[in-house]
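Hi,

Here is the structure I promised to pass along.

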Amino acid sequence: MNTLILRTVAPVLTALMLLFSVFVLLRGHNEPGGGFIGGLIAASALAIYGIAFGVSAVRRAIRFHPMAIAGAGLLLAALSGLISIFAGVPFMTGLWIYPEILGVEVPVATVMSFDIGVYLVVVGAITSIALALEQEETEPAEAIGEQPLVRVKRPRKPAHKPKERG
Amino acid sequence: MAAPSTDLSAALVLAAPAIADWLVVLPVVLMIGVGALLMMVRKSVRLHGTIAISGLVLLVLLDAALLMRVSIQGPVTMVMGRWLPPFGIAFTADLFGSLMALVSAVVALAAGVFALRDIDAAGRRYGFFPFLMLLMAGVSGAFLTGDIFNLYVWFEVLLISSFGLLILGSEPEQIDGALKYAVLNLIGTTLFLIAVGYLYAIFGTLNMADIAGKASGFRETAPLVTLTALFILAFAMKAAAFPVNFWLPASYHTPRIVVSALFGGLLTKVGIYALIRVTVMLFPVEREELSFVVAISAALTMVIGALGALAQNDLRRLVGYVVIVGIGNMLAGVAIGTPAAVSGSILYALHSVVTMTALYLMAGEAARLGGAWTLSALGGLYRRAPGFSAASLALFLAAAGLPPLSGLWPKLVLLKASLDIGAWWLAAAILLSAFIVTMALARVFLLAYWRPRSEPVLEMVPELVTAIDWRIAWPLGCLTALSIFFGLFPETVLDLSQRAAAGLAEPSAYIGSVFPGGAAP
């Protein structure tokens, strides 16, 4: 799937889909959407990027290992439930604050941080599965984590060709 | 935002929960949180052990505090998101649940310490400790939840973690064992889910306290015996009761020994826990109808398991069959169903969690010292490690149910309960299986420990250790000491298990804890 068309479109598409996934995540609070579906959209964005540029490009782009992202999400979700211990209400009760940002009242809730946690869990888990599946056999088995990541010389390094000219 | 003018007390819990009530959810939250943390630092393998062990120590303390509170004040409930039960998901800890939670936390701590030695860097990077934490989240959740669908969810959580643990190492025989384990457990889980759906169709509620209160009203109109039979089949599959137990001998000998220890100690007992919870507390009348079938299954599980243990050459497989014998004993208590018998089952479950985990760890250590898993190749352990051999002998006696160890008391309680209702053949099966297990374990001691070491064909190079590592000595020693202690001083646990069984037979305190103002309409 290493066509010029895909390689040209993929960065734009990925950026748009990531943006849309955040939109779906935030919209999900009161309307259809939410962390799970948003996370799936983000994971498919990363998968498209991986198809176009290879798995190690995605791993470099997201900086953290997908499983670490999933772990952070799980921790955020658990902590969102725990905040209610300080408010004297049972576990997982939704708590709200209404700070004014630039004159606009922005409701912020533990419900939302829980949903962001779900988003991160889904992004992390699905991305790590997708990357493991996209991984070519010539690439190091980073998904299992047996060895530290060794850069493999890839014949197709897209988009940086012009530099070598100068 | 304008304050809503509606009456919130109709939908929400308005009273602030006491800080101590948080003990009901904290074990699960702690395990999920620590598991998540370990996933985040998955590259820094050195930190894993420290974080995981401190998490498990905290879990033991939390569960101990919970048990103390429950034993003094009765069942504790917290509903998620302050929605009133039966609509909010309730976490309810009664004596039975918190006892099981505490003993499983202790065992997980022991296994975690053992794993510091047993699981190498590759296994840790693969995620042993995160999986262990999430497994414990599932196990604690299953013991503490008061909602039957939530119970299903925790079953899934522990099942998925157990898949991960089972294939740690990715050897072909592990994949083979994991496949059998996965398929049969998924069938069991699906049956459980179908039963939950059926139950919801009948009752319109999933809260266990609510179901227990309403069951008598549905006896005339709804097919509750069918429903209970479905639950019994699903949980019997989880608990490895005959005739749906063939997945256990096929898979439990394949993973790392510490994983086998966790599984043998915890997972089957979660099945037994769910079985007791559903049959004894929710559907006692229906359990009575089905008691004969359960009793036959219990007797066959015991005797066939014991014969299996006698026939094995591989230490791990042998211990697997000993686990099955224990399941048969616990099932016998469920079949008899009187509070005394159920207290015997609970006592047996507590004993079995500790002893079976210790037995697996012991088998691992024996194989490490002797260089083989098979009885035909092992030998001379007594001469090489007398202290370890003494601990092994104590565990063998405990598993066989001989005095003065912890295995004696539950068997005694169960025997008396079965003779009280005139089920002499069930009592005979308990005695017969105990006798055969004694022979099987005596055979292990004779061949692997007493027999002078010949020059066998070794399966692996035995490690030449002079002193036993503390990471092995402490878990094994403490679990053995626990078993000996409760063999010599059984009053506390006997009393606790009797009270737990009484709380299941007469769940008014449990219901009252979920519905303080009387049962839901």
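**What turned up**

Arg63(A) sits in the loop between helix 3 (55–62) and helix 4 (66–82) of chain A; helices (H or I, at least four residues) and strands (E, at least two) are DSSP runs, numbered from the N terminus. The phi of Arg63(A) is near 65°, a positive value in a residue other than glycine.

Before the rest, some ground rules. This is a predicted model, where local features need pLDDT of at least 70 and side-chain atom pairs count only at pLDDT 80 or more, while totals for chains, interfaces and linings use all residues. Residues are numbered from 1 along each chain as its sequence is written, chains are lettered from A and ligands numbered from 1 in the order in which they are written, and side-chain values use heavy atoms, with hydrogens and water left out.

Now the interface. Here 25 residues of chain B are in contact with 25 residues of chain A (heavy atoms within 4.5 Å). About 2200 Å² is buried between the two chains, with carbon and sulfur atoms giving 74%; buried area is the accessible area (1.4 Å probe) lost on putting two parts together, summed over both. In chain B, the residues that lose the most area to chain A are Trp22(B), Met39(B) and Arg42(B), together 26% of what that side buries.

Helix 1 (26–40), strand 1 (76–79) and helix 4 (121–126) of chain B each supply at least two residues of the side touching chain A. The largest share, eight residues, comes from helix 1 of chain B. By type, that side divides into 19 nonpolar, two polar and four charged residues (Ala, Val, Leu, Ile, Met, Phe, Trp, Tyr, Cys and Pro count as nonpolar, Asp, Glu, Lys and Arg as charged, and the others, Gly among them, as polar).

How many salt bridges link chain B and chain A? The count is zero, a salt bridge being a side-chain nitrogen of Lys or Arg within 4 Å of a carboxyl oxygen of Asp or Glu.

Two cis peptide bonds to look at in chain B:

- Phe242(B) and Pro243(B), omega about 5°; Pro243(B) lies in the loop between helix 9 (224–239) and helix 10 (247–251) of chain B.
- Pro403(B) and Pro404(B), omega about 5°; Pro404(B) is in the loop between helix 16 (386–400) and helix 17 (408–420) of chain B.

Happy browsing!
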